[in-house]
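Work through these exercises with the structure open beside you. Try each task before you read its solution.

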Amino acid sequence: MARTLAARLNANRPAALTAFRVMFGLLFLCHGLSTVFGWPANHTVPVGQWPGYYAGLIELVTGLLITVGLFTQGAAFLASGEMAFAYFTVHLPHGFLPINNHGEASVMYCFAFLLLVFVGGGAYALDDHRGRWQSGFRRFPRLPRRR
């Protein structure tokens, strides 16, 4: 019996979500690395400069967390908010449309991370295994408290 296209695609949904999360996480991580450390591109910002340096730190940490899928929804929420802030403070004063104010990347990151807030990291994220790790630690008896 022939399967529909939707059925074929649904079978690969976990892998597609993982590829989406990893690629956006790596791209965001590259922004943070280049802002904070000057690698892979030399776009460094002086330490402590507002808001560039702190945006770079947020991009570095959230990009790493999203890439590996650890605390994905919280990291994606923070990253999405940062990109919304970037759009409204940096790009919007130069015009409303992202194509005119060079804010396409900020808008894409914002909505990509907003999607991850709602769908999570997927089956291949460390988040999926985090609950199993914590339940494994609960098997050990608690140590008595000192008085």
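**Exercise 1.** Which residues do ring pairs link into a cluster?

Solution. Start with the kind of model: this one is predicted. Next, take the total: the structure holds 9 aromatic pairs. Now follow the links. Phe20, Phe24, Phe28, Tyr109 and Phe113 are joined by ring pairs into a cluster.

**Exercise 2.** Classify the ring pair of Tyr109 and Phe113 as stacked or edge-to-face.

Solution. Step one: take the distance. The two ring centres lie 5.8 Å apart. Step two: take the angle. The planes of Tyr109 and Phe113 stand at 10°. Planes under 30 degrees apart count as stacked. The pair of Tyr109 and Phe113 is therefore stacked. Step three: locate the residues. Both sit in helix 6 (residues 104–119), 4 residues apart, which is about one turn of the helix. Step four: check burial, for which the cut-off is under 20% relative accessible area. Tyr109 has 9% and is buried. Phe113 has 0% and is buried.

**Exercise 3.** Describe how helix 4 packs on helix 6.

Solution. Two packed helices are described by the angle between their axes and the distance between the axes. For helix 4 (residues 72–91) and helix 6, the angle is about 155° and the axes are 8 Å apart. Angles over 145 degrees count as roughly antiparallel. So helix 4 is roughly antiparallel to helix 6. The crossing of helix 4 and helix 6 is left-handed. Helix 4 brings residues including Phe77, Met83 and Tyr87 to the contact, and helix 6 brings others, among them Tyr109 and Phe113. By class, the contact of helix 4 with helix 6 has 15 nonpolar, 4 polar and no charged residues.

**Exercise 4.** Now describe how helix 2 packs on helix 3.

Solution. Helix 2 (residues 13–36) and helix 3 (residues 52–68) pack at about 150°, and their axes are 7 Å apart. They are therefore roughly antiparallel to each other. Helix 2 and helix 3 cross in a left-handed way. Among the contact residues are Phe28 of helix 2 and Tyr53 of helix 3. The contact of helix 2 with helix 3 divides into 12 nonpolar, 9 polar and 2 charged residues.

Methods: Residues are numbered from 1 along each chain as its sequence is written. This is a predicted model: local features need pLDDT of at least 70, side-chain atom pairs count only at pLDDT 80 or more; totals for chains, interfaces and linings use all residues. Side-chain values use heavy atoms; hydrogens and water are left out. Axes are lines fitted to C-alpha atoms, for helices over the stretch in contact, and angles run from 0 to 180 degrees between N-to-C directions. Helices (H or I, at least four residues) and strands (E, at least two) are DSSP runs, numbered from the N terminus. Angles under 35 degrees count as roughly parallel, over 145 as roughly antiparallel, 65 to 115 as roughly perpendicular and the rest as oblique. A crossing is left-handed if the near helix is turned anticlockwise from the far one by less than a right angle, and right-handed if clockwise. Contact means heavy atoms within 4.5 Å. Ala, Val, Leu, Ile, Met, Phe, Trp, Tyr, Cys and Pro count as nonpolar, Asp, Glu, Lys and Arg as charged, and the others, Gly among them, as polar. Rings of Phe, Tyr and Trp (its six-membered ring) pair if their centres lie within 6.5 Å; planes under 30 degrees apart count as stacked, over 60 as edge-to-face and the rest as tilted. Buried means under 20% relative accessible area, exposed over 50%, partly exposed in between (1.4 Å probe, protein chains only).
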